[in-house]
Amino acid sequence: MSQENSVEALLEEARLNASIPPPAERQRLREAANLSRAQVAAAVGVGRTTVANWENGHSEPTPPGRLEYLRLLKGLAEIYPAAPAPAAIPEPTADLAPVPPAFVAAPETLRGPDGRAIEGDPGPCIRCGIETTYQSTDGRPLHSGAMCQPAGPAPAAPAASSPGATTPAAAPAAPAPVSPIPAPVPSRSERRARSAARAQADVSLLISRAVQEEAERAGGDEEAALKALIKRAIPDVMHLFNETRATARYDYTAYPALPDILKKPSKKDPDQIWEARPKFHHPGYSLRAPGEVKVTALDVNAAYLSALKCWLPIGKLEHHAGTDGVEPKRSGVHLITPAPWTHPHLPDPIGDRDEPGALWVTNSTLRLLQRLSGPKYGLTDAPVIHESWTSGATENFLDALRKLLGAARDEAIENNDMLTLEYVKAMYSKFISTMGESIHNREMVRPDWMHIIHSQAYANLWGKAYKAHQAGLDVVAMMGTDELHLTGDWRKVFPEGRGVAQMKIKHGDAKASGEYTVGTVGR
Amino acid sequence: MAGRWMDLGMFNARGIPGADALGIAIEQMVTGIVSPVDSERGLAARLSYLTKTDAGYEAMDRAGIHVSPRTLMAWLAEERIPNKANRSRLDAAYWDLRRRNVAADLKKRLNNNGRGTRIEINPVDQSRVEGRHQRDLSSRSINVRGVWDRAVDAWMDDDVAELDAIWDDIIQDLGSEYDAYSNVSSIGWAA
């Protein structure tokens, strides 16, 4: 019981603290009640000058007397609310008079002899207006402990419909107990969004601070600053990653036992995973053939950054035979035999694989293949899945990091800030390339993630090629992570720019870059 | 080895003793010449590493390379190539010496100025264990300090018993369930 009371006392104190009026308001309240400072000081138990200091803002109310003073102010504020039109003041006072509970800090919860709150007929809470079965001591519905946030004038209407005896008084009284300056109370989702935004702002501050630090240290030498930033990109991005994981739901396994297929036979040799890197040249077009077909080489912006949104296995990969390991919420690597690709104009989503037969692909590639074999596309047959190494997966794993880096990138482009742009690029690309077995990043050993993100980038590129093809353009070439060569007016299909959803023209030394012409080859 | 998990695999759990995992994880920290000993580059690099110091000659001695100075000079001058047996001995001698030389650095990195290193311990793989025999084991992460000098020395001497004792010390800190982590599927750390 006593513990319960002390909790109530703390809650009351917190409520009072939350509604402490500014110094000028303190004086106004006292003068409105026609009280002298000496009277207040005597009631609160401090000196008169102390009250004067509290009123003109020289000091803030401190413990001996603070609680009493706040309680007094709160009571006064309820009698003399700070209304924009002073004429309105007498009216609520008159209404309030017959309702003594309005003067105490908050209505008390009705409790049984055992100290537990008693439930009754459900009705809208007099504080927040949301339905509750708990009651206040005077029989009106009220959330237990009165911990709900007071609502605006809204509960006035539902209060009238509640069957309590005090209904006539409750209806006009309901708006009155609300604090004089009604603070906008965010809903839970709004609070979450706000705290997430704040957390993101905090973390993105790390990026700008790092850039600023190195720029200052280099003393105007941009090249030196960039070098220093790239050097610290890996530890920095790991720190950012851990920051974004701070309140995360899953704890990932950073050093899982790896299946043999993911182990590199030596430091230089690759493991057995086929990432489906594209290297496609349309057989119907040739640079050497005479002709006047205009082709534009396009570049996907920050392809690996976008690819951070992919299904990543959280824990250690587990082996399943057949199609057992293939589920929407699992990810990993799969041994499949892809169906033959016969489309005359679109690249094989499996990449330029010469060897026939089964191969280990990542979940990103498998998802693409399964999509393409589905009724919506119907471009190929479903691959045969032989075995899988998978774990429970989530698509949002690196999403916070992706958004963070993406926002920093957008801002850098807008401000024409080369340093930040290159720094962000180094962070996400090195994060991906060193998340496997690397001596440069020992914070995690997840080669499976690296492969999955790589092939997600290739799958995304394939999606862009498909989109262009659907719009009537021909895909002349699709190479690497981000290169797409298209005939015709590509601006109809893709917006031009440097944003992650946009495309830009790829310039380079190669013959097939920028805008060039090819000829058609008869087949 | 601690406790009741003596018969690993009795119920189809898969894993390795913690001592082995510890040795493997330390081993992974060692870097050195990447080129294989069969390549010209890798061989030359190993030979020059082994002939720079007295410790190198001792390492060759330990690895069982007993050749005349004349032959060694011929190898170094790339006039002759060691036969396959000697190449593998050279490789063994190189890694033996390399381990000894990096041990001090490893100790320093793992001790981290007395702060120790946070290690992730992943429990044995129970995916093939029958449901009623499965235990609810999660990945654990603990900070380990004070044992790294011993651990690196034991790893260098291939002293499995000592590594085992160290692993027991480490998992004691995991609480009442420490026993279940005598065997693990993998461990890892960033140092």
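Start with chain A: of its 523 residues, 34% are buried (20 or more other C-beta atoms within 10 Å of a residue's own, with C-beta atoms placed from the backbone; 12 or fewer is exposed, in between partly exposed). You're looking at a predicted model, where local features need pLDDT of at least 70, side-chain atom pairs count only at pLDDT 80 or more, and totals for chains, interfaces and linings use all residues. Residues are numbered from 1 along each chain as its sequence is written, while chains are lettered from A and ligands numbered from 1 in the order in which they are written.

Colour chain A by secondary structure and you get 16 helices and 15 strands (DSSP runs numbered from the N terminus: H or I of at least four residues for helices, E of at least two for strands).

Now zoom in on H3(A), residues 37-44, and H5(A), residues 63-79: they pack at about 125°, axes 9 Å apart (axes are lines fitted to C-alpha atoms over the stretch in contact, and angles run from 0 to 180 degrees between N-to-C directions). That angle makes the pair oblique, because oblique is what remains once under 35 degrees is called roughly parallel, over 145 roughly antiparallel and 65 to 115 roughly perpendicular. Show side chains for Val40(A), Ala43(A) and Val44(A) in H3(A), which meet Gly65(A), Glu68(A), Tyr69(A) and Leu72(A) in H5(A) (contact: C-beta atoms, placed from the backbone, within 7 Å).

Next, select the largest nonpolar core, 113 residues (buried Ala, Val, Leu, Ile, Met, Phe, Trp, Tyr and Cys joined through C-beta atoms within 7 Å). Those with the most contacts inside this core are Tyr304(A), Ile453(A), Leu461(A), Leu22(B) and Ala151(B). Helix H16 of chain A, residues 447-470, gives the most to the core, with 11 residues.

Click on Leu22(B). Beyond its neighbours within four places in sequence, Leu22(B) touches Ala151(B), Leu163(B), Ile166(B), Trp167(B) and Ile187(B). Another core, of 13 residues, lies apart from the largest one and includes Val37(B), Leu43(B), Ile65(B) and Tyr94(B).

Stay in chain B and colour by domain: domain 1 is 16-29 + 110-189 and domain 2 is 40-109, with bounds from an automatic or database domain assignment. Their C-alpha centres lie 32 Å apart. Where they touch, nine residues come from domain 1 of chain B and seven from domain 2 of chain B. On the domain 1 side, H6(B) brings the largest share, four residues.

Terms used. Contact = placed C-beta atoms within 7 Å.
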